[in-house]
Amino acid sequence: MRTITLHDTRTGKVRALEPAEPGKVRIYACGPTVYGRAHVGNARPFVVFMLLKRFLVHEGYEVTLVSNITDVNDKIYAAAQKQGVRSDLLAAEMAAAYIADTDRLELGRPDYEPLASETIEEIVALIERLVQRGHAYAVEGDVYFDVRSYPEYGQISHQDVEQMDQGEGVEGAERKRDPLDFAVWKRQKPEEDTAWDSPWGRGRPGWHIECSAMAELLLGLEFEIHGGGSDLIFPHHENEAAQTAAARDAPLARLWVHNGMVQLDATKMAKSVGNVFVLGDALDRYGRDAVIMYFCEGHYHQPMEFNETRLSEAAARVRGIREAARRLVPGASPEWSEPLRERFFDALAANFNTPQALAAVSGWVREANRSDPGSVGSADLGEMLGVLGLENLLEEEQATVPAEVLGLLQQRERARSSRNFAESDRLRDELRERGWEVRDGPGGPELVPLDQRG
């Protein structure tokens with residue numbers, strides 16, 4: 001096995017992956033809070049950790065990946081109240097939509113996708129443990145974690161404790177012993193329609209305690225990788241780490257691995273901000289292969305800009321690989337292939353550097369294009385693309401464009417040339433009704449069948 005390294009937020013260093021049990025890796029990746037449709041930013045951690053699992057499996061590890069769905073949260077109550085629907089029904093609808101949208105990425109599912117609403121018993125037990133050990137206290141139906149009772153608080157985010165803000169606003173301020181303390185259980189408010197019984201009265205869990213309980217339930221303690229977006233470092237992951245260590249005298253995870261945010265105009269993409277590009281729309285417009293390629297073109301640890309240029313470049317790269325693949329034959333790859341294959345997997349082993357891995361793929365494609373047609377076996381390329389979830393680029397596209405569809409495309413191009421954009425949009429919609437998507441790129445428009453987008 002290669003030595004695999006990842007960036008660990010707690011230490012601020014790139015560290016080696018050292019499983020507690022040889023050959024087995026446990027990963028917990030924080031999933032979405034389901035109060036609206038998933039956007040491209042929500043998809044990034046899903047793609048990063050599903051692909052990381054693929055790579056680890058390729059390297060011979062037995063991997064268990066858990067990615068939760070937060071279906072009990074202040075944002076869900078607020079969104080439901082605004083829409084005039086029950087919070088549990090909204091959460092169930094949006095959870096189903098999230099699964100449907102991410103299914104379209106065709107990367108499979110995590111091994112477990114627990115719901116906070118189905119883990120209440122374990123959450124309550126963990127809170128009771130914190131209270132018994134003097135790390136949490138109950139006040140008028142609320143329960144708060146006593147931050148100053150845990151001296152190592154701040155080890156994940158590396159912030160000055162005196163400067164921290166839990167982001168809870170004025171809620172419960174008069175009941176807290178210290179403004180820094182945060183809620184692990186919240187008493188039911190009159191406007192909240194979903195709640196559970198507890199030793200402290202009817203209410204529901206705070207956000208941070210949910211993940212601590214779900215992760216421990218399914219993976220135990222000191223599991224290998226805790227992942228999620230960098231926006232979760234504080235307060236969410238800081239509080240997760242503190243709660244578990246205070247309750248169990250053991251760390252929750254060995255490595256804390258964070259992906260950078262997806263940005264629109266240099267601002268984090270977020271439903272709360274309103275600058276979102278819905279995942280389903282991105283898949284409709286660009287296809288799953290281009291969306292996955294887009295994510296692979298950026299290093300997981302760095303932020304990414306989401307724009308037309310980046311997606312068009314990703315789509316062009318997909319087309320280039322697919323075109324090269326048409327010239328390949330089944331079977332073993334040529335002698336020049338092995339160094340590029342090793343460079344690919346070495347790049348992934350070194351802090352999961354997908355841009356460097358793609359550079360090796362590009363080198364492979366260039367060499368294949370220089371070779372005699374039909375003389376290059378596809379085995380190594382297929383192995384590399386499979387780890388990135390792009391193995392279908394080796395499949396031959398069978399679509400034949402009907403004459404009437406080509407005619408509509410020509411009419412659309414004439415409408416665009418004359419700047420009749422209303423007619424151009426109408427013709428695009430008509431093409432979609434006939435089962436074809438138009439993609440405009442530097443090389444002109446491309447027709448892609450809706451059931452073979454890539």
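Modeller: Strand β6 (residues 142–145) is covered on both faces. Asp142 and Tyr144 lie on one side, Val143 and Phe145 on the other, and all are buried (under 20% relative accessible area, with exposed over 50% and partly exposed in between; 1.4 Å probe, protein chains only). Strands here are DSSP runs of E with at least two residues, helices runs of H or I with at least four, numbered from the N terminus. This is a predicted model, where local features need pLDDT of at least 70, side-chain atom pairs count only at pLDDT 80 or more, and totals for chains, interfaces and linings use all residues. Residues are numbered from 1 along each chain as its sequence is written, and side-chain values use heavy atoms, with hydrogens and water left out.

Now the neighbours. Strand β5 (residues 136–139) runs antiparallel to β6, joined by four bridges; two strands pair if DSSP finds at least two bridges between them. Valine 143 in β6 is the bridge partner of alanine 138. Two residues separate β5 and β6, which form a hairpin. In its turn, glutamate 140 has a positive phi of about 50°. Strand β7 (residues 182–187) is also antiparallel to β6, through three bridges. Here tyrosine 144 stands opposite alanine 183 of β7.

As for the whole chain, there are 14 helices and 15 strands. Buried residues make up 54% of the 454 residues. The C-alpha trace spans about 75 × 55 × 35 Å along its principal axes. Of the contacts (heavy atoms within 4.5 Å) with a separation of 6 or more, 75% come from residues 24 or more positions apart.
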